[in-house]
Amino acid sequence: MNPINPLRLLLICVILTVAGWSATVVTSRYSMATPVLPATALATMGVIVIITLILGIRILRWRNSHKPNSTAKKTQLDPLMAARTLVLAQACAYAGTVLLGWHIGIFLDQLRIWSMRSDQGITWLALAMAGGGLVMIVVGLIVERFCKIPPEDSDPNLDGKKGRPARGEAAGEGEYAYRGD
């Protein structure tokens, strides 16, 4: 699985900022409600962040217990749980990007009419949701780093270069070895 590309996250955030701003302009023009999530969504975002962190810390503890000088008890890691944790971390980062972009767009539109409104509740709610999205992005990227396992230096298949098999050895399961003749 490929790591998250920060430029892709930035592009998604910019696109959704424009979409959130446009949706707010359209809804205010037709006297509809502003398309902002309710405050209870912050609790849901918090639960997602906590679950992602707990699962990520389990992976990090396993990874740190398998260092050469570690005295911690050696345990097995369920590879399916590790893959699910990685997918959850990436989904958390992408969902946070969507929420951040959308609510920044709403916040920018609300700033335009800041002095004309008597109640700034929607503006502060949009800012809180954007902050929650930012927290989701950060936690997703951190947990994704937790799931990255470095190659072992004592691997006999390495030919002096990290992560590269020796000549004549298969690069991975199901791949053919290059004989070089």
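The model is a predicted one, in which local features need pLDDT of at least 70 and side-chain atom pairs count only at pLDDT 80 or more, while totals for chains, interfaces and linings use all residues. Residues are numbered from 1 along each chain as its sequence is written, and side-chain values use heavy atoms, with hydrogens and water left out.

A pocket here is an open set of points on a 1 Å grid over the protein atoms alone, where a 1.4 Å probe fits, with protein on both sides within 12 Å along at least five of seven lines, and its lining residues have an atom within 4 Å of a point. Among the lining residues are Met1, Asn2, Pro3, Ile4, Leu86 and Gln90, and α4 contributes the most, with three residues.

Helix α3 also packs against α1 (residues 6-29): their axes, lines fitted to C-alpha atoms over the stretch in contact, come within 7 Å and cross at roughly 40 degrees.

With α2 (residues 40-65), α3 (residues 79-112) has axes that come within 10 Å and cross at roughly 145 degrees. Residues in contact, meaning heavy atoms within 4.5 Å, include Met45, Ile48 and Leu55 in α2 and Met81, Leu88 and Leu99 in α3.

Methods:
Axes fitted to C-alpha atoms, helices over the stretch in contact; angles between N-to-C directions. Helix = DSSP H or I, 4+ residues; strand = E, 2+ residues; numbered from the N terminus.
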